[in-house]
Amino acid sequence: MTDNSEEKKELVPNSTEAETEEKTELVEHTEEQGPDFSIFQPLKDMLIQQHRPEKDIKEIEDAYVFAAKLHAGQYRISEEPYIVHPVEVAKILTDLMMDKHTIIAALLHDIIEDTGTSPETIKEHFGDDVLNLVQGVTKLGKYQFKSKEERQAENFRRMFIAMANDVRVIFLKLADRLHNMRTLNYMAAAKQQKIAQETLDIFAPLANRLGIGKIKAELEDLSLRYLNPEKYFEIAQLVALKKAERDATIQVLVEKISQILKQHKIKATISGRSKHYYSIYAKMKRQNVAFHELYDISAVRVIVDTVNECYEVLGIIHSQFKPIPGRFKDYIAMPKSNMYRSLHTSVLGPKSKPIEVQIRTHEMHQVAEYGVAAHWKYKEKGSQKANADTDIQFSWMRKLAEMEKDVSSASEYVESVKLDLFSDQVFAFTPRGDVIDLPKDATPVDFAFRIHTDVGFRITGALVNGRICPLSTKLHNGDIVEIMTSKTPAPRLDWLNFVVTKLAQSKIKQWYKKNKREEHVTLGHNMLETEIGKAKLDELVKSGELKQIAESMNYSCVDDLLAALGYGETTVNKITNRIKKPTDDDQPVITHTKTKKSKNDIVGLEGMLYYFAKCCTPVPGEPIVGVVTRSKGVSIHRVDCPSLDNVPEERLIDIKWADKGLNKTYIASIRIDVQDKMGILKDVMIELTECNTNIAYANIKSNPAKKIGIIEMGIEVDNVSRLKNVITKLQSIPEVISVKRIQGTSKTKNEPASMPKKKK
């Protein structure tokens, strides 16, 4: 059974006790009777009205008879025969114009789990395609799980994978969930809340991603009704109170637009519509406003024949009604990821009340209501399974299958899907114009991994809208992103601090796990030693306790645990929390956590506040001098800095770099004069990558008259020797004219300050 598994007693033998407790559906057994065709008749009428072939209607009717006999004697909590549920699911799918195999699968979708019918029997009577669909929506029956949560996570994982192979599976699941939500009032309050939250978290976003506006809106409204009934009925009452006034305003606008369009000889269907309750609730919550402060509760929808007429109507409406600035959205030129297309504008209507107007073609309206189902095509010969790669250009569906390879548990997989696919989205473009959809706050690194894993591993920099940006830059809708890559893979572990997609996170961790094992074992050892002390760590290793801790955390040996700690898969706290605490008879081994003394990278400024001057950006190895400032402490300059010429001698302090480095990098500013040639910036980036050097900021200018380009950038180096090495390497590029050190350039607000950074 699908979503109703929480409503029925288990009929399959050998079910677990936990399963049986979940199912509370009333089940009675009576003498077998012939199927009740009055239940099937409304579905049959719909099929006839849609002019379905008689052969298809007969096959669907045979499936009803088959299912009705198997479900005979089973009743829902509402006390209606259980067969009503599959028929209602089939009616929802028929309204979506789904193919006969999907409708047949809807009628049969509970028989494997609830009647003990074998998959072979379904295959024999209805074929492979129907069997695959039924199995795609059938919940796990006889498997043992540690908890209900684990079972449900695995159910969702299976559903997402099945959906990636055949999107009709999710149509079945959505229709099944919608009917269950319509009858949720018969369930206990706790189950109502649980199912409603699940619907809001997973099924409504899925309907949205598939573009099925009708189902999305109803699922959201029903979820709100059970999750926040007080707010639901409050909004319903407020909407009802103002309905007459809104309807009158809308009617005036509809009539006026209709007259104007007739004058321009444009055929159009014009109607008013209201936002659904959850949409109103979400907007009130998001904008922190009261109901009476919302001005787009209602909208006018204009449906015309062609795209050209959409824009013509927009111009006419703007010429007759004052448009509200900032409220125009062109989803025709820039469709949503779920294929939604329409023009949206807000104008001041009668009595100067703002009203939203939506303009679209009949085809766009079908897609807005039915989403993917409006484009779904079926093969007449052989299997009716459609090809998702050709019929639906939904790359995110294929990601469902890819994600499954990168996670270790069903729960993690479901969380990844919710985070990557159902969060707020950002749509960025490749230089060729391909759209890449990403979660909110995604970065160029996430963008690169979404294009291809290899691109993610080799990214060295990114141009966002033609301007070089740090890899941690958050992308926005409409950004054009060009990825720069090196010849060899060189991902950085500190990328994990800002990437947001699970794909990027898991691939970076996998690469480091495979390629940098020894380094991470050492790093993990040092991290643990710093936390608990060398003596305690040695004791844990010798006693075998650290090995036991490793095994308890699912690592085969101590080195695997330390490596995982080194590349960020686990944390020091998770390990130390498992260390046995000393008993009263024992001497305490660890009395406190060691506190590291702060170290200075400058000798002569111990305990003093200081910062590095941006005018000359000194790096270790260069002679330096301190300048006492009035409020910011000591400013550190190179001794040859021109800004020292007018500084009184009494404000200067003799200082020098500490002998031992502190594993920090410092930003040095350089200027590179190059021949103005295509691809030169990429060559510079690759050379810097080969030198293992990060770029803090960059400004690019060109001089067309002299045919030269000027690149000013800040690069991170740990000493002057490395800086000289980088300059030498850059000078070896044939198109580079010169490289020289310059004073720090002024940054824009998107560029980081030239302050020392600790290496990860």
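Begin with the largest nonpolar core of this predicted model, a set of 61 residues. Select Tyr64, Leu93, Leu108, Ile122 and Leu174, the residues with the most contacts inside that core. Then centre the view on Ile122: leaving aside residues up to four places away in sequence, Ile122 touches Leu108, Ile111, Ile112, Thr117, Gly127, Val130, Leu131 and Val134.

Proceed next to a pair of helices. Display helix 13 (residues 229-241) together with helix 15 (residues 277-287); their axes lie 10 Å apart and the packing angle is about 105°. Because angles of 65 to 115 degrees count as roughly perpendicular, helix 13 and helix 15 are described as roughly perpendicular to each other. To inspect the contact itself, show Lys231, Tyr232, Ile235, Ala236 and Val239 on helix 13, which meet Tyr277, Ile280, Tyr281 and Met284 on helix 15. The residues of this contact comprise 8 nonpolar, no polar and 1 charged.

Finish at the open sheet, in which 3 strands follow the order 9-8-10 with antiparallel pairing. Highlight strand 9 (467-469) and strand 10 (481-485): both stand at the edges with a single partner strand, so one side of each has no neighbour in the sheet. On average, neighbouring strands of this sheet are turned by 35° against each other, direction ignored. Strand 8 (residues 459-464) runs antiparallel to strand 9 and is joined to strand 9 by 3 bridges.

How values were computed:
Residues numbered from 1 in each chain as written. Predicted model: local features only at pLDDT ≥ 70, side-chain atom pairs only at ≥ 80, totals over all residues. Heavy atoms only, no water. Pairing = 2+ DSSP bridges. Helix = DSSP H or I, 4+ residues; strand = E, 2+ residues; numbered from the N terminus. Axes fitted to C-alpha atoms, helices over the stretch in contact; angles between N-to-C directions. Core = buried A, V, L, I, M, F, W, Y, C linked by side-chain atoms within 4.5 Å. Buried < 20%, exposed > 50% of the residue type's maximum accessible area, 1.4 Å probe, protein only. Contact = heavy atoms within 4.5 Å. Parallel < 35°, antiparallel > 145°, perpendicular 65-115°, else oblique. Nonpolar A, V, L, I, M, F, W, Y, C, P; charged D, E, K, R; others polar.
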